[in-house]
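Hi,

Here is the structure I promised to pass on.

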Amino acid sequence: MARSDGNKLISLEAGRFFAAAGVMLFHYTGVIANFRGVTVFGDIFRPGHVGVPYFFVLSGFIIYHVHRADLGQPTALGRFAVKRAVRLFPMFLIVSLAMLLAFLVSPSMAGQRELTPLGVAADLLLLPHADAILSISWTLRHEMVFYALFALALWFGPRAFWAIGVWIAISVAAGLLAVVAGVDTVPWMGSWSVTASTLNLGFGLGMVVAANVKTSAGLRAWPLIGLGGGLMLLLGAIEWTFGRGVSHDIDVLGPFGTIGLLLSAAALISGLVRLEARWSMPAPSFWKAAGGSSYVLYLIHQPLASVAVRFLKRLPLSPEAMFVILAVSAVAAALIIHLTVETWLLKRLSALGRRREPQTVTNDAAPAPALASPAGFALTTPQPPGQSQG
């Protein structure tokens, strides 16, 4: 059994924070380039979007691990739905509604978005919808499809996993076809673009890792960590070498690079889970808080930057100083909001889905992958180059 603090794998909590921070730094590099015409720090954070495949794999791992005992148990469907909603919607709705209010007060802030009553309703319910209020919420729609298909396995048992397999197969095939055809999956497939991203493979890989952690316990942790981390660093180095100075909208690695990142994330997560069976990460309380704040960081970092940069550009600051101030402010704000607003909400709403389970501990405030039965993990991150925004 893994050694952890508060029934959590602390190394994965740390991984969540670094992945979210990497995506933030990726986007903030683009923000400074747009406002100041300068690519800061040699575009070193261009590979930061590698956090996206990490989170897709981690989400599949957590959902399977936490709910594997519920497979084939129709009575678990209600609890599953409540737990997912409690973890996913509160902060998402707070941020989205705040942005919607800002758009209504100042329509120019909405940009090219078409705000119709039906579209807003679909957006707030996280239904497949291409023109979102919070544009980076596109990955949450992928999560919703995964949750719906996983729910079939709760009703019919593991034999229903074929539905997830078909979705992943269609997603990879459609994503590769879009690259060959040179089309953008969003206008090509509209709301159905949630089925046209190679990233969906990550959910399946995460489930495979979770299903084999115990049966393959003989595998050593460090070779898996070295393989996964090494491949991730190699692909990041390749992207930086060939992509620095190139628009962040261009996918340098392509879909096969995304698949490589998904495989590296699966190996890394598998190794970290095994490592904590005999090693405890230092400063667990800090990493629990940092990892717990990563969903809030994902939700707020772009809206926060769009406001803050308008004030910072009036000050005599270098582009690098603006970048650092934005990054530090976003991390600090996410931690504060997580430790106050989000934790308070989750503690009260989690009672809706709380139940006793053998050998599990419920901890909704900070989703945990290995030993807990939390409200769920919903952290997903903004779009990497060339991926669907379904």
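**Helix notes**

Helix α2 is largely enclosed by the rest of the structure, because 16 of its 17 residues are buried (under 20% relative accessible area, 1.4 Å probe, protein chains only). α2 covers residues 51–67 and reaches 24 Å from first to last C-alpha, close to the 24 Å expected at 1.5 Å a residue (1.5 Å times one less than the number of residues). Helices here are DSSP runs of H or I, at least four residues, numbered from the N terminus.

Before you go further: this is a predicted model, where local features need pLDDT of at least 70 and side-chain atom pairs pLDDT 80 or more, while totals for chains, interfaces and linings use all residues. Numbering starts from 1 along each chain as its sequence is written, and side-chain values use heavy atoms, without hydrogens or water.

Next, α3 (residues 77–105) and α4 (residues 117–124): their axes come within 10 Å and cross at roughly 150° (lines fitted to C-alpha atoms over the stretch in contact, angles from 0 to 180 degrees between N-to-C directions). That makes the two roughly antiparallel (over 145 degrees). On the α3 side the contact includes Phe89, Phe92 and Leu93, and α4 brings Val120, Asp123 and Leu124 (contact means heavy atoms within 4.5 Å).

Finally, the axes of α1 (residues 10–36) and α13 (residues 319–349) also come within 10 Å, crossing at roughly 140°. Among the residues that meet are Phe17, Tyr28 and Arg36 in α1 and Pro319, Met322 and Phe323 in α13.

Cheers

Technical notes:
Parallel < 35°, antiparallel > 145°, perpendicular 65-115°, else oblique. Buried < 20%, exposed > 50% of the residue type's maximum accessible area, 1.4 Å probe, protein only.
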